[in-house]
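Student: Please take a close look at one part of this structure, the packing inside it, and walk me through it.

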Amino acid sequence: TVVSRLPQTERKALDLGKYVRGAVTGDWSNAVEERAAFNTSTTGVIIPNVLSAQVIDKARNLSLFTAAGVPIVPMSTNNLTIARVAEDPEFSFKEELAEAEESSFSLEPVELKAKTAYGYAYCSLETIHSAQNLTDILYQVFSQAFADMCDRGMLYGQLTALQTAAEYAPAGIMNDEDIHVIEATNRGYADFIRAIGAIRRANGNPSVVGMNAATEEYLSLLTDANGQNLEEPKAYAALEKVVSNQLVEDTENGSDALVFDPKAMIIGFQNRMVFRMFQDTDYCIKNGAVGFQIYSMLDCAAVQPKHIAKITGIKETAAVVSDGNGES
């Protein structure tokens with residue numbers, strides 16, 4: 001899986017900035033442990049697993065899906081078939097010795113197919129030599145970019161140049177025709193309560209709401225008739241809030257949000273995330289740059305789509321005045 005199992009003390013033993021600076025400059029001053037861990041291959045400098053694990057941990061905390069606790073399963077091959085609930089059974093009490101009522105229960109297969117999440121970027125030699133906060137920059141930039149890429153793909157999939165869904169990317173939870181769709185009325189918290197209700201009527205237990213920063217701001221500024229901040233309805237207040245700017249923000253058509261039970265989805269990882277650096281390419285030599293590459297192979301799908309609800313068309317109003325029930 002992508003979860004680091006190394007003890008916290010061991011994961012902090014190496015410093016990524018010191019390792020990268022030493023590998024580039026050859027100066028290992030105050031980097032004894034990093035020098036001992038230094039290793040190369042025919043494809044470039046190997047970033048030790050201990051350091052890669054820190055990037056993974058940060059990316060997991062920044063991702064909407066992993067921060068919400070969506071289950072992760074390892075994929076030993078590039079395909080994994082899982083079961084998806086197509087129809088729930090209904091049971092009832094019965095009279096003694098009487099024949100019980102028949103109830104159907106059906107599952108349908110869903111295939112997780114490993115998709116390559118990939119990126120690379122360059123950094124100048126000058127930055128590597130002189131940046132005092134190199135460690136923080138490397139962790140933040142690569143973990144945030146990787147988390148954003150995964151969230152975009154797992155939410156909406158990816159379009160090709162012909163504006164058709166790319167088979168090499170996840171299908172996207174928001175594109176699943178079986179999840180609930182709530183068209184926003186923009187009456188305070190009402191749309192979120194409707195999403196919660198739709199899931200609960202399907203016997204689901206929604207515990208997370210994902211939203212972008214604009215929606216978070218809109219809800220935080222809700223006031224009552226006296227201009228006081230509006231108290232969150234209990235059902236909404238009980239949800240864990242995760243902010244991801246990969247959820248659409250559209251000033252004309254409105255923003256998207258997602259209310260869900262994390263167990264209604266699943267993420268498959270075929271391999272751990274790979275993070276490495278390289279210097280000997282033509283571009284790096286000509287431009288005085290250091291390259292970094294990061295990738296993993298993963299997919300995401302809904303296993304109980306009726307325990308997921310998307311809200312579309314959320315718009316911030318100029319002045320929102322609501323009563324205690326979130327109604328304008």
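Tutor: A nonpolar core is a set of buried Ala, Val, Leu, Ile, Met, Phe, Trp, Tyr and Cys residues whose side-chain atoms join them within 4.5 Å, where buried means under 20% relative accessible area. The model here is a predicted one. Its largest nonpolar core has 54 residues, and those that touch the most other members are Phe65, Met277, Phe292 and Ile308. The element that gives the most to this core is helix α7, residues 134-156, with nine residues. Apart from this core lies another, of 20 residues, including Tyr189, Val209, Leu219 and Ala309.

Take Phe292 as an example. Setting aside neighbours within four places in sequence, Phe292 is in contact with residues that include Val20, Tyr120, Ile128, Leu138, Phe142, Phe275 and Met277.

Now turn to α7 and a helix that packs on it. Two packed helices are described by the angle between their axes and the distance between the axes. For helix α4, residues 49-62, and α7, the angle is about 50° and the axes are 8 Å apart. Because of that angle, α4 is oblique to α7. The crossing in which α4 passes α7 is right-handed. On the α4 side, the residues that meet α7 are Leu51, Gln54, Val55, Lys58, Ala59 and Leu62. Their partners in α7 are Tyr139, Gln140, Ser143, Gln144, Phe146, Ala147 and Asp151. By type, the residues of this contact between α4 and α7 are seven nonpolar, four polar and two charged.

Terms used
Residues are numbered from 1 along each chain as its sequence is written. This is a predicted model: local features need pLDDT of at least 70, side-chain atom pairs count only at pLDDT 80 or more; totals for chains, interfaces and linings use all residues. Side-chain values use heavy atoms; hydrogens and water are left out. Buried means under 20% relative accessible area, exposed over 50%, partly exposed in between (1.4 Å probe, protein chains only). Helices (H or I, at least four residues) and strands (E, at least two) are DSSP runs, numbered from the N terminus. Contact means heavy atoms within 4.5 Å. Axes are lines fitted to C-alpha atoms, for helices over the stretch in contact, and angles run from 0 to 180 degrees between N-to-C directions. Angles under 35 degrees count as roughly parallel, over 145 as roughly antiparallel, 65 to 115 as roughly perpendicular and the rest as oblique. A crossing is left-handed if the near helix is turned anticlockwise from the far one by less than a right angle, and right-handed if clockwise. Ala, Val, Leu, Ile, Met, Phe, Trp, Tyr, Cys and Pro count as nonpolar, Asp, Glu, Lys and Arg as charged, and the others, Gly among them, as polar.
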